[in-house]
Amino acid sequence: MVESLDEMLESYLIGIEKPFESTHPGYSWASEAEKCSRSVGYRIAGEKVTNELRLYSRWNFMQGNYLHEVIQKAAAKRYGRDIEFEVGWEMENISGRADAVTASSVWEIKTINVFGFKRAVYPARGRPASGPESSAIMQGFLAASALGKQTVKIILATKEPSKAKETVTASWDFEWTDARRREVDAEVKRLQSIANLVRAGDLPKPVLHDGRLITDPASVNFPCGYCAYKEACISRGAS
């Protein structure tokens with residue numbers, strides 16, 4: 001047998017992947033909150049992926065999907081009819097799917113490695129706990145805006161439990177504020193403008209949500225090192 005175990009696993013994981021079929025082609029996705037504008041544009045335009053996922057990433061996604069299901073099943077058993085899962089929504093040029101929804105709240109579940117989990121949850125060496133990523137919070141509030149919910153619950157689940165730390169999940173509850181509303185409105189406009197630009201036959205520049213231009217994607221580790229369209233972007237240049 002020439003095929004290695006890794007090759008066998010990768011072939012299997014590719015085979016069971018279910019491509020996401022959007023019910024709203026040409027829309028930005030809420031999961032693309034705070035992502036590079038060009039990356040979002042390439043995906044909307046149907047650009048061929050130039051940087052395929054490696055086994056490490058596929059393995060991580062498999063773990064993440066399983067943990068999502070476990071948390072949702074546990075919540076279903078606890079809350080019954082008071083909670084719904086995988087709730088789809090849309091607003092102009094943007095669509096999304098909330099992991100869970102209650103009468104007043106949207107739940108966004110994120111899985112993370114042990115180092116990120118510890119950094120988010122526990123203070124260390126004089127630094128405070130970092131909490132969840134801003135993009136996860138933004139994704140939750142995009143859903144809350146579309147679904148008319150008052151709060152967002154971000155749930156982090158570690159993929160690698162630590163013997164020193166008994167907890168495997170952590171959660172934060174966020175409420176609407178005037179500042180939050182302005183941030184969400186700005187991100188809605190940004191995602192809508194990307195979809196409109198692609199519809200007009202163009203692509204946005206590689207600009208991050210905070211306005212920073214990526215002038216050399218080849219030399220930027222994050223987010224470019226994880227982008228499915230890195231080589232296409234390098235070939236096109238920053239213009």
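This is a predicted model: local features need pLDDT of at least 70, side-chain atom pairs count only at pLDDT 80 or more; totals for chains, interfaces and linings use all residues.

Me: Which cysteine sulfur is closest to that of Cys-227, and how many disulfides does the model contain?
Reply: The sulfur of Cys-227 has its closest cysteine sulfur at 6.5 Å, in Cys-36, again too far for a bond. With the limit set at 2.5 Å, the number of disulfides is 0.

Me: Is Cys-227 buried or exposed?
Reply: A residue counts as buried under 20% relative accessible area. Cys-227 has a relative accessible area of 19%, and Cys-36 has one of 10%. Cys-227 is therefore classed as buried.

Me: Where is Pro-217 found, and which residues beyond its sequence neighbours is it in contact with?
Reply: Pro-217 belongs to the loop between α6 (178-199) and α7 (230-236). Its relative accessibility is 5%, so Pro-217 counts as buried. Its C-alpha atom is 8.1 Å from that of Ala-238, 21 residues apart along the chain. Leaving aside neighbours within four places in sequence, the contacts of Pro-217 are Cys-224, Lys-230, Cys-233 and Ile-234.

Me: How is α5 oriented relative to α6?
Reply: The axes of α5 (residues 134-147) and α6 come within 10 Å and cross at roughly 90°. Angles of 65 to 115 degrees fall in one class, so α5 is, relative to α6, roughly perpendicular.

Me: What distance does α3 reach from its first C-alpha to its last?
Reply: Helix α3 (residues 55-79) has 25 residues, for which 36 Å is expected at 1.5 Å a residue. The helix is close to that expectation, reaching 36 Å.

Me: Which elements are included in what covers the buried residues of α3?
Reply: The buried residues of α3 are Leu-55, Arg-58, Asn-60, Gly-64, His-68, Ile-71, Gln-72 and Ala-75. The elements that cover them include α1 (5-16), β2 (84-91), β3 (94-101), β4 (105-112) and β5 (151-158).

Me: Which residue just after α3 takes a positive phi?
Reply: The phi angle is about 55° just after α3. The residue is Gly-80.

Note on methods
Residues are numbered from 1 along each chain as its sequence is written. Side-chain values use heavy atoms; hydrogens and water are left out. Helices (H or I, at least four residues) and strands (E, at least two) are DSSP runs, numbered from the N terminus. Buried means under 20% relative accessible area, exposed over 50%, partly exposed in between (1.4 Å probe, protein chains only). Contact means heavy atoms within 4.5 Å. Axes are lines fitted to C-alpha atoms, for helices over the stretch in contact, and angles run from 0 to 180 degrees between N-to-C directions. Angles under 35 degrees count as roughly parallel, over 145 as roughly antiparallel, 65 to 115 as roughly perpendicular and the rest as oblique. The expected span of a helix is 1.5 Å times one less than its number of residues.
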